[in-house]
Amino acid sequence: MKKLFKSKIGDVFLPSLVIIMLVTFVLLAMAFKQNNDKRAEELPIGTQALALARLNGEIQSAEFYLEISSTYIANSTLKTLADNAGYPTENKCKKTDKTLTENPYIIFSSDCGDFNPEENYKTEFKKNLNPYLTNYQSYYDLNTLNDPTLAKTIYNYIIGSYPSETSLKTIYSNKINSLEIKEHKLAGNTQLITFKPIKYPIEFSSEDSYYEQEFKLKLAAPNLNSYQKLYNSLVLCKTKKNNPECILAIKTEFPDAIITEAGNTLKINTNSEMSIKLVFDVSKELPPNKITGFEKE
Amino acid sequence: MLKTKKAGFGLPIVALHSLAILGLLIIFFSFYFFVLGGAKSQEMVIKGEEFPAIKKLPNILSTTVSENQTMQALVTEVYFGTKTQQELVKALDPILSDLTTKPIPKDAIVGWNFKVYTKEKAPIEKLSVYTTPIVSTSSGAQYYNEYLLLPIPDQKPILIELYLFCLSCNEDYLRGYA
């Protein structure tokens with residue numbers, strides 16, 4: 001060994017060792033750097049899963065909005081229906097003149113078309129839902145990751161155009177704004193509203209990946225039995241053709257009803273839970289009864 | 001001594017310059033690899049506080065505050081003026097206080113704020129509730145901002161914001177509130 005260092009070979013060995021070490025260290029440093037650069041290009045494991053969780057939060061918000069809206073709509077629809085003698089706002093019925101104190105009353109006759117409060121309720125509900133849906137707005141915030149700029153660059157490189165916060169918010173808002181009812185069922189004490197499925201794009205996922213969501217709402221069913229009871233009373237009125245007996249028939253079903261006589265007509269406000277308002281003309285035909293799905297007497 | 005056969009010290013003197021370079025090399029790369037973290041792999045960590053996936057507001061607003069009345073209904077009544085802000089504060093305060101689950105660090109100010117805006121983000125002060133102590137929060141002290149749109153009968157919806165304000169809190173404290 002001593003000879004080695006004392007020899008000319010020794011003079012070469014240590015400088016060579018230095019060079020080899022230098023090269024090794026530099027290569028090692030480059031390898032680490034390359035590895036880190038490569039890792040930086042990858043999204044952390046679970047990013048897409050977390051994006052899904054965040055989308056779930058967005059869906060939760062939308063569902064909450066729909067639920068609360070539907071409760072209000074159910075109440076306002078019932079009131080509209082009662083004010084229009086069981087028909088929707090847009091109907092073919094003739095009306096009384098508007099007075100200073102009262103809105104016009106529907107003249108309950110065959111002019112109105114089929115009498116089907118259940119279907120009319122659904123029609124009116126759908127109509128009342130639209131303004132609520134239009135007012136919906138998403139407040140989804142994009143994931144930031146540790147370096148949002150980097151994440152976006154990588155996303156653009158690997159997947160395609162990165163959905164900007166604005167575009168995702170707009171997309172999510174539009175999904176609810178244009179939501180449509182697929183099925184509206186009234187069964188027993190409940191009404192089940194199923195909306196058409198929505199395809200939500202997911203942050204950090206490819207453009208053809210979607211999260212499909214079908215909103216379903218379960219609400220208390222409206223009690224439409226009063227319409228059947230009122231209709232039955234009016235059928236009785238038609239057979240009796242006598243106002244006092246007719247009034248008695250209505251009062252039997254609706255003890256607090258407010259009824260005003262004027263010639264052949266009776267202005268009726270059931271003044272019950274639903275306060276159905278209509279004008280009944282004994283000389284006119286009743287609208288065809290198409291009431292289905294609830295109790296008949 | 002250099003010429004004695006037993007001497008092993010000839011090496012540094014013979015190759016002093018090479019050894020010096022080698023020493024510097026080792027010191028430099030040790031510093032680069034272990035102090036500057038050149039050998040450390042980049043962390044692939046997802047921080048919980050950056051991904052608040054679970055929404056708190058739908059649960060808060062669905063909470064029953066009195067007989068047959070939910071928080072959402074109470075907020076709506078305060079909006080229409082049939083209930084007062086004091087009633088809202090009384091109902092919300094225990095719920096918001098329950099959200100602060102960790103012992104508050106010394107010298108820190110922590111609390112949850114419940115603010116209400118119009119859909120266009122104009123504040124509706126009568127509906128905003130601040131947990132005690134009330135502090136004027138700067139944007140830098142707000143965390144976990146969460147928004148929820150609440151429909152109002154026959155009117156435009158209102159926007160509810162919930163956030164944690166935390167002054168003098170470190171990252172460790174904030175973690176876990178997501």
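Is Cys237(A) buried or exposed? Cys237(A) is buried, at 1% relative accessible area; buried means under 20%, exposed means over 50%, and partly exposed is in between, using a 1.4 Å probe and protein chains only.

Okay, a quick word on what we're looking at. This is a predicted model, where local features need pLDDT of at least 70 and side-chain atom pairs count only at pLDDT 80 or more, while totals for chains, interfaces and linings use all residues. Residues are numbered from 1 along each chain as its sequence is written, chains are lettered from A and ligands numbered from 1 in the order in which they are written, and side-chain values use heavy atoms, leaving out hydrogens and water.

So, disulfides. A disulfide is a covalent bond between the sulfur atoms of two cysteines; the cut-off here is a pair of cysteine sulfur atoms within 2.5 Å. Searching the whole structure turns up 2 of them over all chains.

Let's stay with Cys237(A): its partner is Cys246(A), with 1.8 Å from S to S. Cys246(A) is buried too, at 1% relative accessibility. The torsion about that S-S bond is about 85 degrees, so this disulfide is right-handed.

The other pair is Cys93(A) and Cys112(A), with sulfur atoms 2.1 Å apart. Cys93(A) sits in the loop between α3 (47-83) and β1 (94-95) of chain A, and Cys112(A) in the loop between β2 (106-107) and α4 (117-134) of chain A, so the pair ties together parts 19 residues apart in sequence. Those helices (H or I, at least four residues) and strands (E, at least two) are DSSP runs, numbered from the N terminus. Both ends are buried: Cys93(A) at 8% and Cys112(A) at 5%.

Now, the sheet. How many strands form it? There are 3, in an open sheet ordered β3-β4-β7 (chain A), with antiparallel pairing; strands pair if DSSP finds at least two bridges between them. At the edges are β3 (181-187) and β7 (216-220) of chain A, each pairing on one side only. Between β4 (residues 190-195) of chain A and β7(A) there are 5 bridges, and Leu192(A) stands opposite Lys218(A) in β7(A).

And what lies across those strands?
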